[in-house]
Amino acid sequence: MTAELNFEDLKPRVNAIQEVFQQKWERFRYFVLDHSDPKFIEHLKAEWRSGDSLLDMAVEAKDELERLRIELIGKKSELAALKKDVGRIRKEQRGIAGQAVNNLDIFIGNPLRDAEDQLQRLINKLRTESERIDVTLPGRRPRRGHLHPITMLRERIEDIFVGLGYAIEDGREIETDFYNFDALNIPENHPARASQDTFYTTDGFALRSQTSTVQIHAMQRRGAPVRMIAPGRVFRRDTPDPTHNPMFFQVEGLCVDRGISMAHLKGTVAEFLRRMFGPETVTRFRPSYFPFTEPSAEFDFSCFKCGGVGCRICKNSGWIELGGSGMVHPNVLRAAGVDPDVYSGFAFGLGIDRMCNLMYGLDDIRLLFENDVRFLEQFD
Ligand SMILES: [Zn+2]
């Protein structure tokens, strides 16, 4: 049996623990306030200024406070030892000694736990704030793209011709000499081969220099009568400049039936241009030459901008040159297996990019092919 102790023996230890607490508590004393109290936050910022954010500071402060609690009232603390020693106090003093030690436990323990609790609340609040999704913020809308201006224009042209009873034909971009030249009445050594010079593969195939090739295929496949347009990409051996590009877009039309005349051609082109540029649009035809049509005519339309008065777009002429046309040459019909004694037809063609340039007032055709989004997104 260990020797009995007097309460007086324990008092210095009680005081010592109290002193240590009061000294170390200085750093935490404001944390018993409500965590939203300005003094609470001010104190945190003043004492834990090394933290990157208020949340960091609060987490650090709470960790430190937890260590202090273990040190002061934990199982291995001086206070825990003191509690054990109460049992060794003389019986008549044991009650008052136990009371004193309990009071000390409460005196230290309560503010420590309160402070820890408030710090934890602050940490929870700051974490929630940093993770919260503000449902009132407008959402980030995904950027909507749109079709390329050439595609939009091509679709408009297609709509008009479908409305006039035309079929839309697609064809290959790599052709044989026969389809690109011979069948179009451009025999070898014909001067038109030079102006329509294109790119060739090592096997002697050519990148088509006009979409007329599709007309030959269509007539061969479907025979006459036929009414079709062929929009698509064509190639020429041109050096790129503001008005030329080695690759560009054309649309060609073909109508073959019994008794088709120049009047049908004029009526069709004029109607197309009226639907494209408005009912007041006037069309004119000028005699011209193309190997695949006879007679041939180029067609112009009254300027959609100035209505024929004269402006920058029409170069003050009031007219805009748009394309070529004519009655299909009998040799072309024959090459496609259509009897020119029974059938006749007209054909026309125009450049989609050229039309795009005109309509949007572009001064460089190459802009359409560079795929610079800053340029293209203006056409929405
Ligand atoms: Zn004009």
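Which domains does the domain assignment give for the protein chain? There are two entries: domain 1 covers 7-131 and domain 2 covers 149-379, with bounds taken from an automatic or database domain assignment. Their C-alpha centres lie 90 Å apart.

Before we go on, two notes. Residues are numbered from 1 along each chain as its sequence is written. The model is predicted, so local features need pLDDT of at least 70 and side-chain atom pairs count only at pLDDT 80 or more, while totals for chains, interfaces and linings use all residues.

Now let's follow helix H5, residues 91-131. Helices here are DSSP runs of H or I with at least four residues, numbered from the N terminus. The axes of H5 and helix H1 (residues 7-25) come within 11 Å and cross at roughly 5°; axes are lines fitted to C-alpha atoms over the stretch in contact, and angles run from 0 to 180 degrees between N-to-C directions. That makes H1 roughly parallel to H5, a label for angles under 35 degrees. Residues in contact have C-beta atoms, placed from the backbone, within 7 Å. Among them are Phe7, Leu10 and Trp25 of H1 and Ile96, Ala100 and Pro111 of H5.

Helix H4 (residues 78-86) also meets H5: their axes come within 10 Å and cross at roughly 165°. H4 and H5 are therefore roughly antiparallel to each other, the label for angles over 145 degrees. On the H4 side, the contact is made by Leu79, Leu82, Lys83 and Val86, and the H5 side includes Arg94, Gly98 and Asp105.

Definitions and conventions:
Helices (H or I, at least four residues) and strands (E, at least two) are DSSP runs, numbered from the N terminus. Angles under 35 degrees count as roughly parallel, over 145 as roughly antiparallel, 65 to 115 as roughly perpendicular and the rest as oblique. Two residues are in contact if their C-beta atoms, placed from the backbone, lie within 7 Å.
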